[in-house]
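Here is a protein model to explore. Look at the sequence and the fold, then follow the text through its pockets.

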Amino acid sequence: MSIRKEALESEAFRALKEVYDHRDAPAAKWRAEGKKVVGELGCDVPAELIIAAGMLPVRVYADPERPLVETDKYLEYAFDPVVRAQFEKIVDGTYHDQIDALAISNSTDVIIRVFLYLREIHRVEPEKAVPPVAFIDWLFTRHRMHQVRDEFIIELFKKQVEEWAGREIGDDEIRAAGKICNEDRQALREMAALRHGEEVRINGSEALVIIGSGLFMDRAEHARLVRQVTEDAKSWPVLTGPRVYYTGANQEDTALYDKIEAAGMVVVGEDTDWGDRHYDRDYDPDYPVIRGIVDRYYLREFSARKATPAQRVGALDREVDAAGAQGVIFYTNQYDEVATWDMPKQRKSLEARGIKHVTFGRMLWPVSKNEGLDEKLAAFAAEMKEGVQ
């Protein structure tokens, strides 16, 4: 484990880790109190609207130990393995018993396909225990016409949330929810300063716990705990070792980061939706409420689906520099090919700037299935140490 004893001695960190390790518990408590829970599949579901309606947004996540009995009936084997495992929990009745509805955003092409499969299951097998589904069909190309169209789409989603909640949502409620989310994002930025500064005091595995726990719990409580952890972490030992930036497949647990840091490197940032990108860009309360939501999700940092290769190169260069990284780890799962489209140009840009990198492609999931990974990470760590001496 890369989570250190100093972190585990922090009461606030232990509280966040409890949520991270037992992700379904907050939603179960929420529903036991008679309140509703909405699952999110994709990283562009506006949590502000769900929170404004008095419901709890929780991220759909995969279970690597669960047999894919139902998934094998519907999905091709060439789907991203993490998405196949997420799909299993949706169609086998697990999420039917844990959430009241499911919101899906078109954050990746494979998630769009999942929505189409679920829509057909609802049509052909209405008796199947699959939650009600809403689809958010964003356009991410940055043109005025597309922004206007996205405002229309989010207005439709607002009406769907109101239907789930059984009441209308007022503008003041949306602004209040936006403020809660902004405060949580700001708390995470303050935490991230202890990853990116001259003295790194929070490692990657600890950061994943701090960030990821917020995907399953009340955001106001999450912000409070994150600020307490940040205060505690100011006295944690300074981390040494080569600093690396991670890009590629989302990491829903700390297993890969544990291996990277066991090899002697320190993960100081990532452009994934379970990491740094989660708290990129705030909701603007000075805009009309729907425009404020569109602005927040429409103009976030460039991800693989939302950008040209040139934009992705620029985004990675900026993030690597901001994090103070000395190297970059590219990592993609088997059948997860989208991120690889940009990598040749990204690597070329890094090389031109003298930044070392290593690529792990078509990796098995979960991480533990990859033989020889520890040795390859150790070799890159040794190369990195030579470069920073």
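By class, 13 nonpolar, five polar and nine charged residues make up the lining of the second largest pocket. Here Ala, Val, Leu, Ile, Met, Phe, Trp, Tyr, Cys and Pro count as nonpolar, Asp, Glu, Lys and Arg as charged, and the others, Gly among them, as polar. The model is predicted: local features need pLDDT of at least 70, side-chain atom pairs count only at pLDDT 80 or more, and totals for chains, interfaces and linings use all residues. Residues are numbered from 1 along each chain as its sequence is written, and side-chain values use heavy atoms, without hydrogens or water.

A pocket is an open set of points on a 1 Å grid over the protein atoms alone, where a 1.4 Å probe fits, with protein on both sides within 12 Å along at least five of seven lines; lining residues have an atom within 4 Å of a point.

The second largest pocket has a volume of about 480 Å³. Closest to its centre, of 27 lining residues, are Arg23, Pro64, Glu252, Asp253 and Thr254. Helix H2 (11–21) gives the largest share of this lining, three residues.

Now turn to the largest pocket. Its volume is about 870 Å³. It is lined by 43 residues, and Asp80, Thr108, Val110, Asn250 and Asp336 are the closest to its centre. Helix H7 (109–124) supplies the largest share of the lining, four residues. By class, this lining has 18 nonpolar, 11 polar and 14 charged residues.

Methods: Points joined across faces, edges and corners; volume = space filled by probe spheres on them. Helix = DSSP H or I, 4+ residues; strand = E, 2+ residues; numbered from the N terminus.
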